[in-house]
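Dear colleague,

I am passing on a structure that I have been looking at, and below it you will find some notes on what turned up. Please read them with the structure open beside you.

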Amino acid sequence: MNEEKLLAVARYLEGDMGLQEKQEFETLIQSDPELQGLLEEYKNIHLTLKMKLAPSEEDRAVGAALQQLNQQYFKDAAMAGPVKVTRVVPFVSYLKWMSVAAVLVIGLLVWAPWRANLYEQYGISKEMSVAERGEGDKNNLEKAAAFYNVHDFVAAGKILEKEYLADTDNSLIAYYYGITLIENTSEAKARTVLSKLHNGESVFKYDAAYYIALSFIKQNNYPQALEWLEKIPRDTPSYDKAQELIKKLR
């Protein structure tokens, strides 16, 4: 977790930035997918803690985690005075100066174990097959597949990038290149490649939509992930997994 980025997101949403810093931050957001994901998650957490009047079991579990972490990291401060005073602190004031405890709390919610592995659990293209390859340098595709199939996505991605730039209409190359981009934390670029594939009529049309959803899941942007999962129709190979993911994310 990038704590500096998380703190910047908190300061931005809580109104602690000056005008110039705010404008610079908003410009940075446009080109930083990680910041976009943190921004979305922080908003969700803010609403959960501030607005829910009838907490669910999950909310109560979050509350217990908050209390435990608060006791652990603020123990020294709480015991510094001669009298221990309990008082209600407004939510905005509480988050205005975020500490290690607050970072850990948000980390607990954003990267919770039951969601952290969804991308790995629901990936469907664990092996790259070049049996149906189209025009292009077959030797290079075979090399890319060899790297891809041992999960060396950096090496595979370098080869596939060259092949893709040489033939952007090759759906096989585009599909696996998009996946390597996601694996190499270039999710926004991957979505550009896969969106073009989804907008076409290749056999990878809905698999591309599925991996676009996974790219958002990897960034903890669940609303966008759900939008893409819902684009996948019945009688397609990725439909069942898409439906499972929808249930887990809602």
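With which residue does E187 form a salt bridge, and how far apart are the closest N and O atoms? The partner is K218, with 3.9 Å between the closest N and O atoms, where a salt bridge is a side-chain nitrogen of Lys or Arg within 4 Å of a carboxyl oxygen of Asp or Glu. E187 sits in helix α13 and K218 in helix α14 (residues 205–218), 31 residues apart, helices being DSSP runs of H or I with at least four residues, numbered from the N terminus. E187 is buried at 6% relative accessibility, while K218 is partly exposed at 27% (buried means under 20% relative accessible area, exposed over 50%, partly exposed in between, with a 1.4 Å probe and protein chains only).

Please keep in mind that this is a predicted model, in which local features need pLDDT of at least 70 and side-chain atom pairs count only at pLDDT 80 or more, whereas totals for chains, interfaces and linings use all residues. Residues are numbered from 1 along each chain as its sequence is written, and side-chain values use heavy atoms, leaving out hydrogens and water.

By the salt-bridge rule the count is 3. Another of them joins K189 and E161 at 3.5 Å, N to O, and this pair links helix α13 (residues 187–199) with helix α11 (residues 153–166) across 28 residues. D169 and K196 also meet in a salt bridge, at 3.7 Å, N to O; D169 lies in the loop between α11 and α12 (171–183) and K196 in helix α13, so the pair ties together parts 27 residues apart in sequence. D169 is exposed at 63%, whereas K196 is partly exposed at 41%.

Best wishes

Terms used: Helix = DSSP H or I, 4+ residues; strand = E, 2+ residues; numbered from the N terminus.
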